[in-house]
Amino acid sequence: CAGAAAESPPYNPICVELLDAPPYAMAGLPLSFTIRVTSRGGATPESTVAVWSNNGQQVQCEPLGPPPPAPDATYRLPPLPPDGSVDIRATVVPGTPASSRRGGARSAGGGDGDGDGGGGGSGSEREGGEEGDEGKAVLRVLVDPNCTVSPVSDSEEMWGNQRTAQYGLLPPGPLPALQAAAVRLPGGPRVFAAAAPPRPVAGAKFSATFWVRNDGPEPILPNSVRLEVFNARPEGLYQTDCDAFGDGGGSVPPLAPGESGAVVVSGITAAEPAPPGGGGAPPRLVAVIDAGCATAAAKLPGRRVEFEYEPLPWASPVVEPAAAAAGAGAGGAVGPEAGRFSAKTAATGGGGWGGALKVEKARPKAGGGRKLRLRLEVANTGGGGGQAGAVGTVYVWLRRLEPGQEAWPYFGGAPCAYSGFNASAPFQSRWVSPGKSRSLRLRVPTPAEAGRYLVSAVPDGVCGTAAAGYVTLVPAYAEVEVI
């Protein structure tokens, strides 16, 4: 925006950007994106934002010919302070007549704005794409459509306030999608599957459960959509490849619009683990939804999803915070909501990583020889052999949080060689059966000064189980306010 202002022949006090405009949309379903408006130096008055879901012609404030079609939605642009910015979340429905819709503006600095849908017209009446075509449509945004803020608002040049983005318009139909943030595979980031057993032994068979949601307006019929799984990064497999067969697969169950269901893929052979100590990348699974290209999902980003998993070199127990196995067969239920992770929400109210660590007393008093009472849930996620594992030594860290700082899964030192902990407790005589969890109670010194604190903990701190060095242990953590 700053560069555009410097090169503007006529002065324009605002700058307009389109953010996260999707490359594809389906006729009849909402298309949402963000419009960012920034004031260039001085304050700007209230105005309007007009949005067309499919309009290939430039819109002018004072048209010389026939008037342009009515916008599919309009939003209020609130007054902006000097160098202020506002984000307007806009929604239109391609290929359907415009109707009254509500929208809103959100200041990038935390302010609010209002939006009102309005206008008439139809996506099929505009150039740049016809209703139901698998062609290109033109999303068009005009900020200040009456040119009251700037005489060049209707310009499509960088100094104007009219912006466009092309996207593919898909016909209505079923739309299978791997469900975002469904469950977490232990040892990897947020992914879309659960493994059973959670940590398979190299060379052994295991299964993975994938959660799929139908985002389209029509049902997914039986045996019409296939999901394929590759037990490595498949060379030469691109986003639009069809009829790809992997190391396992299954059919998506019949799903009504908006409904979710599971696809269980069995018989996957676990790969060899990465060397301990970060010596290489862990193996990965690659899931391809709609491998036969039977639906519009074959054209959409996110059809292919990769994620890491951590097999064990041999059958061994692995004792870790129970929530790390949420959705994977230990300490949690498999399902589309299991293992959801947010550093902000997890810390609120002393939740911790999936609730694996809890502070039993809210707002304890500082110092005075008092103790924090903690409850830690641990699970045995080791694969193969059915071996019970000892909890071992539990280490606990306390770190003061600055104002506005969020809690996070902290530990000092390195796995199997932790350091800087504030307390430790021996639990060598406490055992956890395979696939089970148990609760531990801990008492650690309360901080001497009042404030917000991070509390984090790891079991089996000295890696008493032989395979522990091959596992990325995520500390359990919680937030506590000491008064």
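Is Cys293 buried, partly exposed or exposed? Hi everyone, let's come back to that in a moment.

What we have here is a predicted model, where local features need pLDDT of at least 70, side-chain atom pairs count only at pLDDT 80 or more, and totals for chains, interfaces and linings use all residues. Residues are numbered from 1 along each chain as its sequence is written, and side-chain values use heavy atoms, leaving out hydrogens and water.

Today's topic is disulfides. Taking a disulfide as a pair of cysteine sulfur atoms within 2.5 Å, the count is three.

Let me start with Cys242 and Cys293, whose S to S distance is 1.8 Å. This link is left-handed, with -95° about the S-S bond. The two cysteines sit 51 residues apart, Cys242 in the loop between strands S16 and S17, Cys293 in the loop between strands S19 and S20. Strands here are DSSP runs of E, at least two residues, numbered from the N terminus. And the opening question? Cys293 is partly exposed at 23% relative accessibility, and Cys242 is partly exposed too, at 40%. For the cut-offs, buried means under 20% relative accessible area, exposed over 50%, and partly exposed in between, with a 1.4 Å probe and protein chains only.

Next, Cys61 and Cys147 are joined at 1.9 Å, S to S. Here the link is right-handed, with 75° about the S-S bond. It connects distant parts of the chain, 86 residues apart. Cys147 is buried, at 18%.

Finally, Cys416 and Cys463 have their sulfur atoms 1.8 Å apart, in a left-handed link at -80°. Cys416 is partly exposed at 33%, while Cys463 is buried at 18%.

Key:
Helices (H or I, at least four residues) and strands (E, at least two) are DSSP runs, numbered from the N terminus.
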